[in-house]
Amino acid sequence: MTVLQELLQAEFNFEAIEIKKIGGYDNANYSVIGDSSKYIFKTYVFSKDLLAHLEAENEVLLSLERNEKCLFPVPEKFSDGSYLKVVEIDGEQHICRMLAFIDEQFLAEANHSQALLTSFGGFLAELNLQLQKATSYTLQARECEWDLQYYHFSLAYIKDIPNAHNRSIVEYFYRQFETQVLPRISAFRRQIIHGDYNEGNVLVKNDRVVGAIDFGDVTYAPLVYELGIALVYSCYDKEQPLKWIASALKGYNAIIPVEEKEVEILYYVMAARLAVSVCRSAHSRKTDPDNEHALNSEKHSWKLLKYLLRIGPIATEKMLREVCELPKRKELLADVELQKSLQVVSPLLSVSYKNPIVMEKAAFQYMYDSAGNSILDAYNNIPHVGHCHPKVVAAGQIQMASLNTNTRYLYPELSSYAEHLLSKFPKSLTKVFFVNSGSAAADLAYRMACAHTRRKSVMVMEHGYHGNTQIGMEISDYKFSNAKGAGKQNHVLKVAIPDTYRGVYGSENPNSGLKYAKDAIAQMKEFGDEIGAFITEPIIGCGGQVPLAEGYLRALYPAIRAQGGVCISDEVQTGFGRLGDFFWGFEAQGVVPDLVILGKPMANGHPMGAVVVTDEIAASFAQGVEFFSSFGGNPVSCAMGKAVLEVIEEEKLQENAKEVGDYYQSLLEGLKSRFNVIGDVRGSGLFIGVEIVKPGTDEPNTVLAQYIKNELRNANILISTDGPFDNVLKSKPPLCFSKENAKEVVDCLERVLVSNVSSTEGN
């Protein structure tokens, strides 16, 4: 006979006893059959705090009213009349307690229906009404790791989540909880709550919830935390979770009306509970991998957490308001917002789509508009590592709260970031000059080239774009050749885009890059002035996502340098791992430029740009007037820029761009083989162009391209169009884009082509 059997027989006078160990998170639980009755015996490693908490839990259980529709475990007395007993087991003191077993079906075992979930919510509300009457200073002082009031206890376990991007998702939701919930929560209803109302703790009879067990997480907390936890477990193993949430909420709200301010934060409360759950599961997997009870909900929790990320807070709140019969959330209307904008800004600032979008929030590869639509962002290359990435946001917040100043002073953030950034470049590129945008960087790069070569002449690429400054527009064919542009200036030489699809040398010529380079060299000789600088993007974005023909720069760069010029690579759109195979676009051509322009993705959308140059060019520039940028390289920008580099490395986003980009293009190539309105699929990594043509020809089909773009917008997918004929679909999503996201885009494109191409191709 074991020590446990002897203890139970002595304390409860059992003549015969059967003991079986069952699951438990952080204590040992046993199923006990003694004589004709069944019990749950629970043991805990002794501590004074835990003893006080268990006494308070027993008081709560004893205060509950019980009947055939409200079943709760009854604490059983030991031989001395107490409900708790401290005993020695295996040489260690344990707290023991006995609870009567309730022989009903668990919710986890039942066939779920909408009616059952409505009952699930209703029973919780009835339980909460009873718990309103309970008081306990012990529970008010309790610090429980599962209690969302102490969510920060689980923050330390984020590091135990093996996948870096998953860690970022959890951290994102924690930060949202901190900003959206915590500043308001002190004004919310508070009481004693169950704290863990899940499918394993809820009892069902005749398709109705009739009981609840396991009050081990009972605490004093905001009532909305109780509801948020319950709503998670009402749907986390379901398809279409919002439908099941609605049923559970309906049952709860019918008994305890949910307040408007509670509805406004429920999304973030649910996500925070899931974040705590996956953190603790990851920690358990590391420290106690055999504890199946601690791990059995992990898969469902991740699925729901990612679903909430996709669906977004606005759509969720709209549904919750409707169920609770609360006023509709105020929606910002596109036409109204557009008119407001036109009153204060120039109409030259154009907006996308026939029906513009009013955006309110974003996270990673998703954006959420004011109407509650969750929109897949397959276009926005500025939030390079994902919208609102928590590490980048936190870096900016922390640094801004500490120091932000101009560059007249010394601060370690500048050198730390510059060193990290320069480590990504070839050894010849050793100096970095920080500015506030890619446009400012292009302007500065041209000035530096002029200072070094003492020449103003510059060779530029057809359809190239390098910014909105005066110099930027002078060296951007995309701007100066526009119908409203100023035209090409005499010191500018424009060379033909080395386009293997639409260019003169075609796609079948293996030496097309060399031929285009020879043509450019011939133009240089005829130009008259020696070229001081040559500037180009590795993939010409405004030209229609056109990669430079292979071998082009390798043949052209030496010719530029031979006559005293320098070579500038504009990496604003192609840099930082976007191309997958290469961290910088110039690497695809097997060359090293003399100056590199950086911008948009440097700090994930925070205004930042830079020029990276050789020692020689930096020294030449130093002979002129002082260079100073008030905010270029300020501490906040540097902190955020460094965070971007760290995220790229930690989440292996360059590798993801390669893997997902290859898959994405393979799907698009599949469409190309079936639809003769797709003339070309091109690009690298997550920098992709799809040329739309008239059926069976190479003639640009601008109308169809615009139609496709707007149809995808109507399906809540963002892409755009570009190129000299505006007929190239372009996709440059955040680097956290997934294969599932890519397939969603291509499946939608296929539906548009199947159902509409025949009616639109002749327009």
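Trainee: Which residues of β22 point one way, and which the other way?

Mentor: This is a predicted model, so every value here is computed from it. In a regular strand the side chains alternate between the two faces of the sheet. In β22 the four side chains are all buried, whichever way they point. One way point Leu595 and Ile597, and the other way Val596 and Leu598.

Trainee: In which sense does β22 pair with β21, and in which with β23?

Mentor: Strand β21, residues 566–570, joins β22 over three bridges, and Asp570 has Ile597 as its bridge partner. On β23 the residue opposite Leu595 is Val613, and four bridges join β22 to β23. The sense is parallel for β21 and antiparallel for β23.

Trainee: Asn604 is not a glycine; what is its phi, and is the residue buried or exposed?

Mentor: Asn604 sits in the loop between β22 (595–598) and β23 (609–613). Its relative accessible area is 12%, which is under the 20% limit, so Asn604 counts as buried. Its phi is positive, at about 65 degrees.

Trainee: And Glu325, is it buried or exposed?

Mentor: Glu325 also has a positive phi, about 55 degrees, although it is not a glycine. The residue lies in the loop between α12 (313–323) and α13 (334–344). Its relative accessible area is 73%, and the limit for this class is over 50%, so Glu325 is exposed.

Trainee: Which residue takes a positive phi in the hairpin of β5 and β6?

Mentor: Strand β5 (residues 85–89) and strand β6 (residues 92–100) are antiparallel, paired over five bridges. Within that pairing, Val86 stands opposite Ile95. The hairpin has two residues between its strands, and the one with a positive phi near 55 degrees is Asp90.

Trainee: How many aromatic pairs are there, and how is the pair of Phe72 and Phe215 classed?

Mentor: The count of aromatic pairs is 26. For Phe72 and Phe215 the centres are 6.1 Å apart and the planes stand at 80 degrees. An angle over 60 degrees is the cut-off that applies, so the pair is edge-to-face.

Trainee: How many residues apart are Phe72 and Phe215, and are they buried or exposed?

Mentor: Phe72 is in the loop between α2 (48–63) and β4 (75–76), while Phe215 is in the loop between β10 (208–212) and β11 (219–222). Phe72 has a relative accessible area of 3% and Phe215 one of 1%, so both count as buried.

Trainee: Which residues lie over the faces of Phe628 and Phe583?

Mentor: Over Phe583 there is a lysine at 5.2 Å from the ring centre, and this is Lys424. Over Phe628 there is an arginine at 3.7 Å from the ring centre, and this is Arg408.

Trainee: Are Cys70 and Cys542 buried or exposed, and how many disulfides are counted?

Mentor: Cys70 has a relative accessibility of 15%, so it counts as buried. Cys542 is buried too, with a relative accessible area of 10%. The count of disulfides is zero.

Methods: Residues are numbered from 1 along each chain as its sequence is written. This is a predicted model: local features need pLDDT of at least 70, side-chain atom pairs count only at pLDDT 80 or more; totals for chains, interfaces and linings use all residues. Side-chain values use heavy atoms; hydrogens and water are left out. Two strands pair if DSSP finds at least two bridges between them. Rings of Phe, Tyr and Trp (its six-membered ring) pair if their centres lie within 6.5 Å; planes under 30 degrees apart count as stacked, over 60 as edge-to-face and the rest as tilted. Buried means under 20% relative accessible area, exposed over 50%, partly exposed in between (1.4 Å probe, protein chains only). A charge sits over a ring if NZ of Lys or CZ of Arg is within 6 Å of the ring centre and within 35 degrees of the ring normal. A disulfide is a pair of cysteine sulfur atoms within 2.5 Å.
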